[in-house]
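This briefing is meant to be read beside the sequence and the 3D view. It turns to backbone geometry, then to one helix and its surroundings, and ends with the chain as a whole.

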Amino acid sequence: MSAYNANWSLMTPEIVLMILALVIFTLDFMTGMSRNKPFLGRLSILSLLATTVLVAVFNRETGQIGDMFVVDGFAMVLKIVILLGVAGVIAISMYYVDRHRDVYQGEYYSLLLFATLGAMLMVSSADLITLFVGLELLSISAYCLAGFKKYNGKSTEAAIKYVVLGGTASAFILYGMSFVYGLTGTTSLVDINEAVPTLFADYPYIMTMAIMFMIAGFGFKISVVPFHMWAPDVYEGAPTPVTSFLSVVSKIAGFGIVLRVFFVGFESVYDEWAFIFALLAAITMIVGNMIAIVQRKVKRLMAFSGVAQAGYLLVPVATMVSLDMTMSMITFYAVAYLLMTLGAFAIITLVTEDTEDDALTSFSGLYQRAPYLAIAMTIFLLSLAGLPITAGFFGKFYIFVGAIQAEMLWLAVIMIFTSIVSFFYYFGIMKQMFMRDPKPNDDQTLSVPKPVSAVVTISLVGTIGFGLLANVLTNYFNNLQWFF
Amino acid sequence: MIPNLLTWIVFFPLVGALLILAIPREQKNAIRSIAAGTSIITLILSILAWIGFDRSQSGMQFVESYSWINLGDFQIYYDLGVDGLSMPLLLLVTLITTLSITASFNIKERVKEYFTWILILMTGLLGVFVAQDLFLFFLFFELTLIPVFFLISIWGGKEREPASIKFLIYNGLGSAVMVMAFIALAYKAFEATAFSHATFNISALADIFSNPEVSGVLTDSLKAGIFLALLIAFAVKLPIIPLHTWLPNAYVEAPTGVSMMLAGVLSKMGAYGLLRISYGILPDQAVNFATFIAILGVVNILYGAFIALVQTDLKKLIAYSSISHLGIVLLGVASVTEAGIQGAVFQLVSHGFIVALLFFMVGAIYERTNTRTISELGGLSKSVPVLAGFMLAAAMASLGLPGLSGFVSELLAFIGIFGASAEIIPAARVIAVVGAIGIIFTAAYLLWAMQRTTFGKMDEKYLGLPDARPMEYIPMIGLLGLSLLIGVYPSILSDVINTTVIDIVSKIGG
């Protein structure tokens, strides 16, 4: 199949999103230097929702464009998750940029859209090259976003750290890929999958090294221990909505790429690399949860909580019984993670902005100041901690069942006990909200802007809804053809 | 009968909780009446179930079963049902919660949240006793953690925050062990049936494990491991020494109404889980572990009693007496005789009423005197004769005065352990005698405490304290009356539990 007769309509959502992103970019130039441009935010959300609809329409049928770009169940579900996640991030950002006049809004929104485009490309690629292009589009946009408060030292520090370490991680990935290409002579994941079993027999050390290099690089992107060191600093310094972007969208897209590469490209040698993920999952859960306990700043706490959550998400990667079930588990937990983390970040943005303080104590007395937010936050935290009746509870249970079915008892034990450890810090935030009085110099009532409250409400409904009616998602996932 | 009666019972409190959330927090009386009304309606519904319960049948009744979540191989069902074991406990939950809500009318601060949490807790507790699917059981079990954490840490005493965290972590760890055991049970059953029966249903699992062909595939050490894990998990809730250290803090720091719930109902979840899941699914292990459990029971009785003897704080004394009394449950359960298990269920119900009454009395006295230190109280029978009288009556019930429920249950449990077959528990009689000594200590510490508080020299400053208010009569008379009812007319309870107990014992074959 040549590029001329390929089914380009499969790419419609990406093409439309790119055009819309460019339109928003241009509109920004055309509307002068006046800083507050809420219409751009609204337009971005609309573009994302429109793209979501297009994904649902055009990606329903599986298909591919010359082994480079594939559309399958996995791509479709993750694209929808990513698009809705970014829409939520932009809704939070609209409140944020309104308060920070040093943020150039047009660029901000279009960078977010470009990052989204990169993420969509990532989860849809079946070729190492497209995959890397998508990854870099996401990463470079994210580096810029992290430093968006350019007069703020911490934000700049975050951006520099992120770009240096992120660049190194990309180099690792490329280095690993180059070995794979050198040995197989192809960049197509499907062809690689066919070639690797014999290669593993012939050159076990080089193959293992190639895989290790890639895991190190991807591990950085999804912030698993020991490649997580950047996360707390970058999360703390970056503008809070960008932090939510990094911890939700960027991480889910990163998982998308890991799953795509390893379950499509290296599926035939599962036994050779599964234990690496098992070890990573174990230390990620232990370290993430332990270090989160001692955090005193809410954004750093969420960074380590995000590390721990990445560990839970890695458990099914390492404990595959059947591919469908593993994918179903990860995707369910990813949806739950999106809802609970995004909701929590919406509230964190509001609270830290309002109190101009990102210490945990900025949450004190939130129940008196904004009862609805406090209740919603409680539900998100319960979901993150894996308590009923939430999507997180069921998601964790599901992963846990899988781990025991794969007879990886030790990993299941670590998972469940580190979850109990996480009670300490999640309930610590609840303690601030319900059992401390508001600080005297905070307003007695916290007014909630509409976009933020919309994100909170939608996430809340989703978190509880998928906790009660998890069957809706699981049934859908069970009938999905994950990989092309 | 009302269709889906159990669903109504379990989720009606949740409806009440949502209703309360919709009411402005200033309207405290409206909130209180909604909470009370909700619990009373739930109580009425559970009484309807009690009346409609077929006493001659041993299986599950009021069964509801809907397919819920598909996990690939496994299918989670929304399975509810009650049998003779869960029916009395279901009624116990609704009774104690209703009375605890009445007793909590004097909560002045953050009334709205308080009653919301109590009603959510009620849903969790009711769910545990009717769930027939392990996932559902686990869900409700975990659901009880959250309200208790908040109830202790917001409305508790001085040391409330460490107490609530300790409660959360201990019970969280217990649940963690439990869920591992659950999934191991389900998965091993799945494996043993050559991957043909994937189920979380308790009775289906019991059938698989009792099937001789399947049992052969599963090794004894595996079953013993699962049984032990379940025992540890339920031991935290019950609690069994040495996993009890969260209990004194939690019981003492919790506000009166919550102490009543914790001691009266929450601790029963552990014993219920042991009977329903451990004994129900792994009856052969129940025999292997019988001696171990019996010894744990005796240790509980003696340790609880000894520590209670030296307590200076009245509420702490009751907390330790609660540990001691639940040891009797373990003795009865371990005996695997009809009398023993019946006695254990009796003791669960009876202890629920009595300990709730004791905590209520301590709360009422603390409210007036502002102290719980035994040596600072004295002569209460002169200053507050009615309260003192009820406290004395509660203490008598607790130490097993004939005519009150404590006597019947302890008698049955001890008959059970005396009659336990020597093959199952080698030194059953010795254990029974040692346990009975513990009962003497119970009498000692309770009578000694009563002597120092209700009688003895009266402190002048307590003169003129207001005696029981009309609202306080409701829980006092209600709880004592129920204890008396079971004491003089035990068959009201034994009718319901008998067939199920016979069924459990016949499966164990003891």
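In this predicted model, B:F62 belongs to strand β1 of chain B, which covers residues 61-71. The phi angle of B:F62 is near 55 degrees, a positive value in a residue that is not glycine. Most residues other than glycine have a negative phi, and most peptide bonds are trans.

**Backbone geometry in chain B**

- B:V336 also has a positive phi, near 40 degrees, although this residue is not a glycine, and its place is in the loop that runs between α15 (314-334) and α16 (338-369) of chain B.
- The relative accessibility of B:V336 is 1%, and because buried means under 20%, B:V336 counts as buried.
- The peptide bond that joins B:I241 and B:P242 is cis, with omega at about 5 degrees, and B:P242 is found in the loop between α10 (220-237) and α11 (246-253) of chain B.

**A cis peptide bond in chain A**

- In chain A, the peptide bond leading from A:P388 to A:I389 is cis, with an omega near -10 degrees.
- A:I389 itself lies in the loop between α15 (371-385) and α16 (391-405) of chain A.

**Chain A as a whole**

- The secondary structure of chain A comprises 19 helices and two strands.
- Chain A has a radius of gyration of 21 Å, close to the 23 Å that the globule rule gives for 484 residues, so it is as compact as a globular protein of that length.
- Taken along the principal axes, the box filled by the C-alpha atoms of chain A is roughly 70 × 55 × 40 Å.
- Of the 484 residues of chain A, 65% count as buried, and of the contacts between residues at least 6 apart in its sequence, 80% join residues at least 24 apart.
- The accessible surface of chain A is about 16000 Å², and 68% of this area belongs to carbon and sulfur atoms.
- Chain A carries 24 positive and 29 negative charges, whose mean positions are 13 Å apart.

Key:
Residues are numbered from 1 along each chain as its sequence is written. Chains are lettered from A and ligands numbered from 1 in the order in which they are written. This is a predicted model: local features need pLDDT of at least 70, side-chain atom pairs count only at pLDDT 80 or more; totals for chains, interfaces and linings use all residues. Side-chain values use heavy atoms; hydrogens and water are left out. Helices (H or I, at least four residues) and strands (E, at least two) are DSSP runs, numbered from the N terminus. The radius of gyration is taken over C-alpha atoms; the globule rule is 2.2 Å times the number of residues to the power 0.38. Buried means under 20% relative accessible area, exposed over 50%, partly exposed in between (1.4 Å probe, protein chains only). Contact means heavy atoms within 4.5 Å. Accessible areas come from the Shrake-Rupley method with a 1.4 Å probe; for residues, only the protein chains shown count as cover. Lys and Arg count as positive and Asp and Glu as negative; His and the chain ends are not counted. The place of a charge is taken as NZ of Lys, CZ of Arg, CG of Asp or CD of Glu.
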